[in-house]
Amino acid sequence: MPVSDVLTREQRHLNMSHIRGKDTKPEEIVRKYLFSKGYRYRKNDSRYPGKPDIVIPKYRTMIFVHGCFWHRHPGCRYAATPSTNRDFWQKKFDQNVARDRKVQEQLKADGWHVIVVWECEISRKADREERLQRLERQIREIQGEK
């Protein structure tokens with residue numbers, strides 16, 4: 001479903017230039033939850049492909065906190081494609097998804113567990129607790145495999 005842009009080109013450029021690549025609000029939510037549960041981690045570790053948002057070495061687990069818009073969360077209303085400059089956006093989104101897939105496959109081949117948390121799963125307080133508890137269960141299942 002196309003999204004019409006209500007901002008001028010200059011306003012949109014300014015907005016997009018302020019989007020952060022790390023230490024985003026969703027990442028902070030996940031990190032604070034994990035820390036409160038006793039998990040210790042590294043953040044944005046550049047030694048690994050894709051520079052994962054959270055690395056839990058003890059359990060060989062990587063967690064990516066993906067924004068629905070940029071990483072194209074399937075079926076999510078936040079993954080709408082802008083109606084202007086569609087070819088540019090589609091190419092960019094396709095590259096992002098392909099890179100995500102390649103990075104995850106490489107990490108799994110290297111023996112890492114990969115978990116993806118989508119921004120929309122934790123943006124609403126009503127959904128957040130359930131998703132964070134499910135994340136902890138996923139990590140516990142990995143612990144059980146050791």
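The model is predicted: local features need pLDDT of at least 70 and side-chain atom pairs count only at pLDDT 80 or more, while totals for chains, interfaces and linings use all residues. Residues are numbered from 1 along each chain as its sequence is written, and side-chain values use heavy atoms, with hydrogens and water left out.

**The sheet**

Start with the strands (DSSP runs of E, at least two residues, numbered from the N terminus, as are helices, which are runs of H or I of at least four). Four of them form an open sheet in the order E1-E2-E3-E4, with mixed pairing; two strands pair if DSSP finds at least two bridges between them. Select 42-43 and 113-118: these are E1 and E4, the edge strands, and each has a single partner strand, so one side of each lacks a neighbour in the sheet.

Now show residues 86-109. This is helix H4, which packs on the sheet and touches E3 (61-66) and E4; contact means heavy atoms within 4.5 Å. The direction of H4 makes about 165 degrees with that of E3, where axes are lines fitted to C-alpha atoms, for helices over the stretch in contact, and angles run from 0 to 180 degrees between N-to-C directions.

**Salt bridges**

The structure holds eight salt bridges, each a side-chain nitrogen of Lys or Arg within 4 Å of a carboxyl oxygen of Asp or Glu. Begin with Arg 42 and Asp 45, which meet at 3.6 Å, N to O. Arg 42 is partly exposed at 34% relative accessible area, whereas Asp 45 is buried at 8% (buried is under 20%, exposed over 50%, partly exposed in between; 1.4 Å probe, protein chains only).

Move to Arg 134 and Glu 121, whose closest N and O atoms are 3.6 Å apart. This pair links distant parts of the chain, 13 residues apart: Arg 134 is in helix H6 (residues 125-145) and Glu 121 in helix H5 (residues 119-123). Arg 134 is partly exposed at 31%; Glu 121 is buried at 19%.

Glu 136 is buried at 9%, and Arg 140 is partly exposed at 47%.

Finish by selecting Glu 121, Glu 130, Arg 131 and Arg 134, which salt bridges with shared partners join into one network.
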